[in-house]
Amino acid sequence: MKTLTKLLTLCALTLSLFVGANTNAATFTFTAIPDADESQLRTRFEKVALYLSEQLGIEVKYVPVKSYSAAVTAFRNNQVQLAWFGGLSGVQARRLVPGSQAIAQGYEDQFFKSYFIAHYSTGLELSDSFPAITDKTFTFGSKGSTSGRLMPQYYIEQHLKQKPQQAFKRVGFSGDHNRTIVQVQSGTYQVGAVNYKVWDSALAAGKIDTNKVKVIWQSPTYPDYQWTIRADVEANFGVGFADKVQAALLNMNSPELLKSFPRSAFIKAENKDFQPVEDVAKQIGLID
Amino acid sequence: MLTLANLNLHYDKTAGANTRNKISEKDSSTQVIFDLSLTINEGEKVAIIGPSGAGKSSLLHHIYQELTTRAALCSQRQGLVDNLSIYHNIFMGALARHHWLFNLVNLIRPFKQDLHDIAALCQQLELDQPLAKKVDQLSGGQRQRVALARALYQQQAIFIGDEPFSALDPLMTSRLLDTVLARHNSVIMVLHDRALAMSAFDRVIALDKGRLILDSQQQSIDQAQITALYQTSAIA
Amino acid sequence: MSQPKQPQQVLQLKKPQYALGYWQKVSLSIWLIALVILPFADIEIVNFDPFLELTRMVNGLVTPDFFATEYLLQAIMQTVNFAIIGVCLGLVLGAPLALIYQHPLVSSCCAFLRAIHEIFWALLFLQVFGLSPLTGILAISIPFAATFARVFHDIINQSSDSPLEIIDRRADIISRFTYGKIAQVMPQLINYTRYRFECALRSSAVLGFIGMPTLGFYMETAFRQGNYSEGAALLIIFIALIGTIRYWCPPKLLGVYLVIACVTLVDIPKVDSSLLVRFITQDILPPAIANAATLAEVQWSSLMTWFSALLSEQAIPGAIATITLALLALAATHFISLSTHMIASKHLWPAPLTWLGQFILLVGRSVPEYILAFIFLMLLGPSMLPAIVALAIHNGCVIAYLAVKQSNAIAPQQIQISKLNQFNYHIMPTIYPSMMALLFYRFEIIVRETAVFGILGIMTLGFYIDSSFSEIRYSNALVLITCTALLNVAIDIISRRLLKFEQTSQTSC
């Protein structure tokens, strides 16, 4: 019987806490999902937060997210004011938040590319022409990824003149570039599309058995990851704040910090740099 | 106080309850009381006797329905709540006297006044168990006394009992019966002990196969008649 | 271990003309349906050499790394916090609904709310509250409230009416109800709530998969990225957490825990009501309506095209895949629950062996289906098969766990027969109806859980919903979620019509 009273008090307590909670409006918040290693996210990016905080002279917080769409939602809802987006998610975010600006990209992101990889049993070899992968089983990476989904799907549709669902025997979404490599290596899927940087670093780390899986094609280059900032930071953190953030990002040259992304350096970027991504996304019907 | 004229009751198997009107001709409903007329006056102490299946309980429940706002029922189906303590089960008799908020608080923390009253009542009913004990830990006789105590705690003018002492020994039965009779203006009770019915009640009525056979108000009845009643029933 | 024949089948062999019993018919039809749809289902096994990855998984499992996860304690705490607050809020919302559950409107609303998976609730709330604990708590408490309403209603309904009869009619309804009904079934209600707390812990972990800061957040990353040592450590922690609930969370301490949970919950950001307004008036509207300035400008033809394309390209294929997967999983669950019930029954084995069985049941029901499917995906390839196996293991172990609880309470008959005969002739016939009741109740949950596999890439409705969310097309997501819920409600109604048996809700889950 005592449970009854307890429950009543507890629910009152809970509600009072909900009502009383509030946030510190003066904190600048950002999020980032690196394309390769997602372990120890907070530990690594809190160092970035610390760096930004020193440069900007205000409190900076890092919020970990699980997916590109979650990052876009957080950006749209002003839960984060700055985000390290993939090409596609950046386009989506800037469409949803008018006035937001791409301010920096990784050096490598100017000429990013995807690899198509295949299991040895397919007999496919590296070539310059688009490989004959019709009727194979095929896996993309995450649904919202530029290098693992958008661009590969675009080139597939360009070359095979078919939607992937029709062109392939089976289409999967591994959810992650590392998974794509693992699944093609184990023969779960015959062919897959993967971010070239993830492939290169996995190869360097000895995680890939090149007898089992190899690169069969590399895509033309396209712009990918970038930092995007909301327009209203000027109003909330002072005029010229976006420029200050841009400068802080461009000046980030500690290898330890850059390794988290992982990029060799950040360079300037503008919204129009990502027009190709937007066009492609529209063409394959990922955005209206 | 109560007048029944040409009462017919049906036991509806599907609904599991007595109904006054016959619902259908189907087998699901059997008639249990036939053309029964009876008047019970204020202040009377009436015992209802009869062999098993005579319709005593059905009649009693019907009477309770008629007198519901003035009567306390001590039913054969006790209706104790196993998860509640002796105290709370007895307190259930007093629910109508208090505001619901009072009742709810009492469920969590018993009030002193009621605790005191109920302790006294239990003592009178020779129920020497801790009041906080759950009723599912009690013996049959103890449970019956809890049910009785709850009926008494309703503090009504009329007591309606359906064999409230069936699990008790004869000596205790007669002591508790005295308590019940003393505390109520009118008592209507189904009894299984014929001798006790004859000795302790003003009026005895006997049922058999759903009909009123004997009524001590109309005729003087003796032990022989009653014995005969039980015997014919046993043969038939 | 070989599966002994069921008692029904033993009887069946006695005389050729022996009529099939009710439960035989039901069990047979489950398998018959599964056999009929099997040729149409995608259950191809494709795998050349999973052994490299499997070796790494096994290596990870035997060398769990408990220090690889950052903020581990915080993650454990948030997992517990979400579960506790979610269950309490679910109780506060659900218990009063139980009293009016007999109203068809209330019960169908509850069925609808229940039918939507926690993950989808969270994805919806994510748009309004963002990555706030509120998202996680509401995602748990809303479907839980609907479940509490139904089960509490069933429990209260099954209680005896006789205490109500003797209570003075003049007493007010609240007093009569609390003393006459609620007090009677309080232990069952508390037991059920405790069981739901275990479910809430699982849900809370699963919400980590989409970004809540619970154990699932790190578990999903670890498995996805191939850090199996970290993943194994997280799994072990999670299983231990669930296996020891009764030691660290006795009902008496629930209040204390709730207060601690509220205090240690991560900060709740301010709720921005404009987001809610935007979500309702913009995001969830189909593009044809959202882009039009006035109602007159709405292009109804494009709205129709949008809707019919959505139905024919996503909802219908998704629903077919969902039902196929669920029916096959139902049959497989039937098999797993019978066999795992056997290995953990004290009527068959000496105590130490049943502990092992109990441990298997604990692992089977604690490991999130997502992780199970993930492992089987490596083994069996990307068909429906990993999902079927994962669903069967998880649900089979839940059913067996509840059934073992019941069957261990049965006193063995005092006749000289072997343990196996005792089990087949006494224990199984006694327990079978309630096991089947559990199985059919679980069917509703299986349909819900197919959603999770959509995120792994199996083309159920969940796959299309997840795609809609990742393409930021909330209107599509909402239509598909509604389809999922309606599908679930329909299945619920049909199975209730077809199977007229007493639901043993005290033990249902």
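At what angle do the axes of helix H10 (residues 215–224) of chain C and H11(C) cross, and within what distance do they come? They cross at roughly 150 degrees and come within 8 Å.

This is a predicted model, in which local features need pLDDT of at least 70, side-chain atom pairs count only at pLDDT 80 or more, and totals for chains, interfaces and linings use all residues. Residues are numbered from 1 along each chain as its sequence is written, chains are lettered from A and ligands numbered from 1 in the order in which they are written, and side-chain values use heavy atoms, with hydrogens and water left out.

**View 1. Helices H10(C) and H11(C) cross in a left-handed way.** Helices (H or I, at least four residues) and strands (E, at least two) are DSSP runs, numbered from the N terminus. Axes are lines fitted to C-alpha atoms, for helices over the stretch in contact, and angles run from 0 to 180 degrees between N-to-C directions. A crossing is left-handed if the near helix is turned anticlockwise from the far one by less than a right angle, and right-handed if clockwise. From H10(C), the contact (heavy atoms within 4.5 Å) takes in C:Leu215, C:Tyr218, C:Met219, C:Ala222 and C:Phe223. The residues from H11(C) include C:Tyr228, C:Glu230, C:Gly231 and C:Leu234. By class, there are 11 nonpolar, one polar and one charged residues. Here Ala, Val, Leu, Ile, Met, Phe, Trp, Tyr, Cys and Pro count as nonpolar, Asp, Glu, Lys and Arg as charged, and the others, Gly among them, as polar.

**View 2. Helix H11 (residues 228–243) of chain C packs with helix H17 (residues 351–366) of chain C.** Their axes are 10 Å apart, at an angle of about 115 degrees. H11(C) and H17(C) are therefore roughly perpendicular to each other. For such labels, angles under 35 degrees count as roughly parallel, over 145 as roughly antiparallel, 65 to 115 as roughly perpendicular and the rest as oblique. The crossing of this pair is right-handed. H11(C) contributes C:Phe238, C:Ile239, C:Ile242 and C:Gly243, and H17(C) contributes C:Leu362, C:Val363, C:Arg365 and C:Ser366. That contact has five nonpolar, two polar and one charged residues.

**View 3. Helix H18 (residues 369–380) of chain C packs with helix H20 (residues 419–456) of chain C.** The angle is about 50 degrees and the axes are 10 Å apart. H18(C) is therefore oblique to H20(C). Their crossing is right-handed. On H18(C), C:Glu369, C:Tyr370, C:Ala373 and C:Phe374 take part, and they meet C:Glu449, C:Val452, C:Phe453, C:Ile455 and C:Leu456 of H20(C). Seven nonpolar, no polar and two charged residues make up this contact.

**View 4. C:Gln314 lies in helix H16 (residues 300–343) of chain C.** Leaving aside neighbours within four places in sequence, C:Gln314 is in contact with C:Ala309, C:Leu461, C:Tyr464, C:Ser468 and C:Leu480. C:Gly208 is 106 residues away along the chain, and its C-alpha atom is 26 Å from that of C:Gln314.

**View 5. Chain C is divided into two domains, domain 1 (1–10 + 20–37 + 50–63 + 287–509) and domain 2 (64–278).** Domain bounds come from an automatic or database domain assignment. The C-alpha centres of these domains of chain C lie 20 Å apart. In chain C, 46 residues of domain 1 are in contact with 42 residues of domain 2. The area buried between them is about 4000 Å², with 66% from carbon and sulfur atoms. Buried area is the accessible area (1.4 Å probe) that two parts lose on being put together, summed over both.

**View 6. Chain C and chain A bury about 5600 Å² between them.** Carbon and sulfur atoms account for 55% of that area. The contact involves 74 residues of chain C and 60 residues of chain A. C:Glu70, C:Arg224 and C:Gln225 supply 12% of the area that chain C buries against chain A, more than any other three residues.

**View 7. Two backbone details of chain A are A:Lys161 and the peptide bond between A:Phe261 and A:Pro262.** Most residues other than glycine have a negative phi, and most peptide bonds are trans. A:Lys161, in the loop between helix H5 (146–160) and helix H6 (164–167) of chain A, has a positive phi, near 55 degrees. The bond joining A:Phe261 and A:Pro262 is cis, with omega about -20 degrees. A:Pro262 is in the loop between helix H11 (255–259) and strand E11 (266–268) of chain A.
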